[in-house]
Every structure is written in C-alpha cells, then in structure tokens.
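Here's a quick, friendly tour for anyone opening this structure for the first time. Have a look, then read on.

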Amino acid sequence: MILLDRVTKTYGKDMKPALNRISLHVEPKEFVILVGTSGAGKSTLLKLLTREEKPSSGKIVVGGIDYDTLKDKHIPLLRRKIGVVFQDFKLLPQRTVFENVAFALEIAGMTNREIKNTVPKVIELVGLKGKEKNFPHQLSGGERQRVAIARAIVRQPKILVADEPTGNLDPKHSWDIVRLLEKINKYGTTVLLTTHNVEIVNKLKRRVITLEHGKITSDQAQGSYRQ
Amino acid sequence: MSQAKKKMSARSFAQQKRNKRRMLTSLRMVRYGVNNFSRNAWLTVAATAVMTITLLIVFTTFAARGVLVDTVSDISSRIDMSIYLKNDVREDDVATITNDLESLSNVQRVRYISPEDARRAQVDQQKGDQETLQALSEATNRLPATVRISLHDINDVSQLNSFVDSNQVYIDNRDTEREPSFAGERRQAIENITKWVSFAERIGGIATLVFIVISALIVFNTIRMAIFNRKEEIAMMKLIGADRNFIRGPFIVEASMYGFVAGVVATILGVVLLYAVREPLVEYGLPVATTINDTVALIGLVLLGMIILGILIGVISSYFATRKYLKI
C-alpha cells in the first residue's frame with residue numbers, strides 16, 4: 001500500500017537531511033505506529049506521503065501511484081485517496097460539523113443526495129450523532145478530533161494518516177480516538193499513526209517504526225516505545 | 001443498439017455527468033462564498049468599510065475632476081479673444097466679419113460689442129459711484145468697437161491669425177491702434193492662462209489615476225490580510241484534496257460581495273456628499289451644478305459603474321492574494 005525506497009529529504013544544501021535513505025513497506029490494512037522524538041523526521045515522512053513535499057531522492061509509491069510520474073494537477077486527486085488527521089484538528093471554524101464532513105465530499109463533486117446519505121452515517125460512526133449542527137467552537141477537543149476523523153474517512157480512503165491526533169487531548173479522549181482509529185482499521189483502512197504517547201504505543205501491540213535523526217532505527221511487528 | 005451507438009451514448013452520458021458536477025461545484029463555491037460573507041461578520045464589516053471608503057475616494061476624485069473640467073472650460077470661455085474695429089465701422093461690415101469668423105471650424109461663438117454697448121456696460125458696472133459716472137459722462141468715448149470670439153480650443157489661434165492677416169473687410173476696418181488680444185503682448189497672458197489650464201487638467205488626470213491605484217492597493221492589502229488570516233484553512237483544504245479553483249472560488253465570491261455592497265453604499269454616500277458640499281463650493285465660485293446634475297441624471301449608470309469597479313477590484317485582489325497560498 002505504501003512503498004518508500006531509499007528516500008532522502010534535505011531542506012537546504014548545508015542542512016542535515018530530515019530523512020536519510022528511508023526504505024519502508026506498509027501492507028494494505030496494516031496499522032502502523034510511527035514514533036520518534038521531535039525532529040526525528042516523522043512529520044517530514046507524512047508530508048512526503050501527502051505530497052506536501054517532494055523527496056530530494058528516492059522513490060515513493062502509494063496505492064499504486066508512483067509519485068515520480070504524478071503531475072501537479074493530479075495531486076488533489078491523490079489527496080482525496082488519503083485521509084489525513086492533524087493534532088490541531090484543522091476544521092473549518094465557520095462551518096458546522098455536518099458541513100465540515102460534507103466538505104470532503106463536495107470537493108470531490110459528489111451530489112447532494114450522496115452527501116445526505118453518507119455524512120450522517122459517518123457522523124454516527126464517530127459518535128457525534130446529534131451534534132451535526134454544532135460549530136467546532138461548541139465542541140470539546142475530543143469531539144473536534146472525531147469530526148476531523150469523520151472528514152478523513154468519509155470518502156472511504158484506503159489510507160488514513162494521523163499526525164499526533166491525541167497530542168492535544170486528555171488520556172480518556174486520547175483512548176477514544178485510538179479506539180476509533182482501530183475500528184476504522186478493522187473496516188479495512190491502512191492506518192499510519194504518529195504519536196509520542198508511550199502508553200498508547202505499548203498497549204496497542206501494533207507494528208512500531210522508530211525514527212531517529214532521519215533514519216529508521218527499529219521496525220517491530222508488535223512493538224513498544226523504545227525510550 | 002449497435003456498438004458505436006452504445007459507445008456514443010456512454011460518452012455523452014459521461015459528458016453530462018461531468019457538466020453536472022461542474023455546475024454543482026460552481027454553485028457550491030458561490031454558497032461557500034456567501035456563507036463566509038455572512039458568517040465572518042467582523043471581517044465582512046471591516047473589508048466592506050475599507051472598500052466603501054476606497055470607492056468613495058474614486059467617486060469623489062471623478063466628481064472633483066468633473067468640477068475641475070467645468071472650471072477649466074469656464075475659464076477658457078472667459079479668455080478674451082477679441083479683435084478691434086474702427087469706431088465708425090458700418091453695420092454690414094460688422095455682419096460680414098462676424099459671419100466670416102463664425103465659418104471658422106475652431107470658432108464657437110462671435111459677439112459684437114459696439115463702443116456704445118461697451119460704455120453702457122461700464123456705466124452699469126459703476127452704478128452708485130457718482131464721481132466715476134460723472135467723469136464717464138464728461139469724457140469722450142474711447143472704448144473700441146470689439147468683436148469677441150469664443151474658441152473650441154483656446155490653444156489653437158492659427159485660424160484667427162490667418163483671419164486677421166487675410167480678411168480684407170477686417171483689414172479695411174481694423175482699429176490700427178489696437179492689436180487683436182491674441183497677438184502681441186496680450187498673447188503672452190493668454191498663453192500663460194492656457195498653460196495653467198492644461199497643467200490643471202493634466203494634474204487632475206494624474207491625481208485621478210493615482211487615487212484609483214492607491215485605493216485598489218488598499219483594498220488589495222485588506223483582502224490579502226483577510227486571506228492571510230485564513231491561510232491555515234486554505235492549507236487544510238489543499239490537504240484534503242480541494243483543487244485550486246474550489247479553494248479560490250469562495251474567496252472571489254466573498255470579495256465580489258464586498259465590492260457589490262461597497263459600490264451601493266459608496267454611491268449613496270457620494271451623492272449625499274455632493275449635495276452637502278454644493279452650497280460652500282458655489283460660494284467659492286466653483287461650477288458644481290453640471291457635475292451634480294450629470295450624476296443625478298445618470299445615477300443608474302454611476303451605480304452600475306461603482307458596483308462593477310468594486311467587484312473588479314475584489315475579484316482581482318482575491319485572485320492574486322490567494323495565489324500565494326495555492327501552490328502545491
């Protein structure tokens with residue numbers, strides 16, 4: 001599902017590479033946790049996957065799409081195939097829960113009928129039934145993250161990239177979000193999660209990839225957080 | 001159904017579907033723009049206020065230019081373009097000279113003032129001043145027989161020059177002691193006035209242009225700041241797969257709405273302002289009536305022009321302001 005072959009990313013000529021000859025293979029329906037200290041290269045890796053950044057060298061193939069041959073005008077189409085969740089939610093503040101989730105379908109040109117059928121089901125799936133008309137500022141942090149997840153999965157992407165989704169949440173809400181991600185993974189979506197939360201990493205017993213100074217230092221099938 | 005027909009209908013069905021999606025996307029962009037306009041109350045008020053002031057400046061600049069043009073033409077018409085005839089000139093010669101002058105393309109109007117008419121006008125001006133009146137009644141009438149000429153273009157006196165050199169009736173009847181007002185020493189005075197008039201016109205034109213450019217820059221900056229505040233939103237839209245047009249469209253719709261509302265408000269304020277300053281300007285002797293009358297008579301066009309200008313500035317500003325954030 002995700003293939004990185006000797007990928008290097010350097011931001012400036014005299015700078016150390018943010019990622020240094022990374023090779024990685026993620027199977028479909030896998031749940032992968034990416035750990036590492038700040039500056040280890042996690043965010044850079046995710047930015048390469050969403051094509052916010054181009055690699056300095058190496059090859060990236062996601063869902064069968066080779067990024068080398070990807071034209072700029074097709075990048076929006078690629079991004080519609082990858083669900084993204086951020087630490088700071090990144091919701092549209094002037095739009096309701098329903099509108100925020102529907103937005104992901106509207107940009108793909110889906111009809112109003114399709115949107116009316118799909119969005120309530122996803123809102124129910126993430127446990128926000130009854131809050132469709134609320135604006136983001138009327139929700140708790142955990143609820144906002146659920147809206148972000150609903151928006152990310154409403155197009156039924158094959159891959160969900162979650163960048164520190166629990167970073168701004170208390171332990172209870174953090175676990176709610178993680179359980180939700182597990183549920184989504186169970187339905188067949190490949191999940192790539194970055195986190196600093198030791199407890200979550202250790203309890204999940206999933207594949208854990210550790211990044212240090214731009215390099216993969218460990219890749220464990222049922223791993224734990226290496227301090 | 002044949003294979004080819006099936007293929008054709010499948011293709012036209014796909015085309016129909018694409019068109020429908022395009023239409024749906026356009027409607028959504030408009031809806032988002034309208035939503036942004038109505039939900040970002042403070043931003044809407046601030047941006048619309050700046051644009052209103054901008055359009056009001058443009059309106060005022062045009063009105064001021066109208067008044068300037070009227071003032072210039074008023075001054076131009078008062079410039080003394082005169083030729084002088086002998087005091088005992090015959091009426092039929094005056095008629096011939098007047099007709100010959102009127103036939104010149106640059107001549108707007110010709111008026112003959114006999115020495116008696118000139119004296120009467122002088123007496124009228126001095127009413128109440130008994131000493132001067134007494135002096136006038138005792139003095140010989142030395143005022144000349146004058147033909148006063150108004151020109152379309154006061155910068156061009158070539159036709160008049162060739163007239164005074166070649167018209168035989170004029171040459172036979174001219175006052176040999178007085179040169180035409182546009183010749184000799186008086187010519188310099190007229191040239192000075194014309195220079196000032198064309199300078200004022202040019203400055204007025206440049207000022208109009210400068211004001212419009214500055215105003216457009218102010219609006220551009222306001223919209224740029226409004227969009228800068230929402231750059232996170234734009235980044236998010238990009239990341240979930242919105243294409244450039246879908247992101248830019250609502251901003252353009254929103255800015256167009258600022259322009260529309262500002263156009264209407266600025267026109268109303270501008271007309272009110274014109275009426276408010278009419279009296280003081282008239283007291284200063286400025287000819288404002290034509291500008292006010294023209295504005296009121298063409299109020300529909302003025303309103304339309306202001307709205308179009310507002311929308312245009314909004315669209316161009318938001319187009320360029322979003323460009324920076326829409327790079328992949």
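## A bridge between chains

In this predicted model, Glu99(A) and Arg39(B) form a salt bridge, with their closest N and O atoms 2.9 Å apart. The pair crosses between chains: Glu99(A) sits in helix H3 of chain A, while Arg39(B) belongs to helix H1 of chain B. Glu99(A) is buried at 17% relative accessible area, whereas Arg39(B) is partly exposed at 28%.

## Bridges along a helix

Across all chains, the whole structure holds 23 salt bridges. One of them joins Arg179(A) to Glu182(A), at 2.7 Å from N to O. These two are three residues apart in helix H6 of chain A, so about one helical turn separates them. An α-helix has 3.6 residues a turn, so residues three or four places apart point the same way. Arg179(A) is partly exposed, at 46%, but Glu182(A) is buried, at 17%.

Chain B has a pair like this too: Arg120(B) and Asp117(B) form a salt bridge with N and O 2.7 Å apart. They're three residues apart in helix H4, about one helical turn. Arg120(B) counts as exposed at 51%, and Asp117(B) is partly exposed at 33%.

## One helix, two sides

Now for helix H11 of chain B, where Thr291(B), Ile292(B) and Thr295(B) are the buried residues. Down the axis of H11(B), they fall within an arc of 95°, so they line one face of the helix. Turned away from that buried side are the exposed Asn293(B) and Ala297(B).

## A greasy spot

Ile206(B), Val210(B), Ile214(B) and Ile218(B) make a nonpolar surface patch of about 330 Å². Ile206(B) is found in helix H8 of chain B and is partly exposed, at 48%.

Key
Residues are numbered from 1 along each chain as its sequence is written. Chains are lettered from A and ligands numbered from 1 in the order in which they are written. This is a predicted model: local features need pLDDT of at least 70, side-chain atom pairs count only at pLDDT 80 or more; totals for chains, interfaces and linings use all residues. Side-chain values use heavy atoms; hydrogens and water are left out. Patches are made of residues with over 30% relative accessible area and no salt bridge: like charges are joined within 9 Å, nonpolar side chains (Val, Leu, Ile, Met, Phe, Trp, Tyr) within 5 Å. Accessible areas come from the Shrake-Rupley method with a 1.4 Å probe; for residues, only the protein chains shown count as cover. A salt bridge is a side-chain nitrogen of Lys or Arg within 4 Å of a carboxyl oxygen of Asp or Glu. Helices (H or I, at least four residues) and strands (E, at least two) are DSSP runs, numbered from the N terminus. Buried means under 20% relative accessible area, exposed over 50%, partly exposed in between (1.4 Å probe, protein chains only). The arc is that of the directions from the helix axis to the C-beta atoms.
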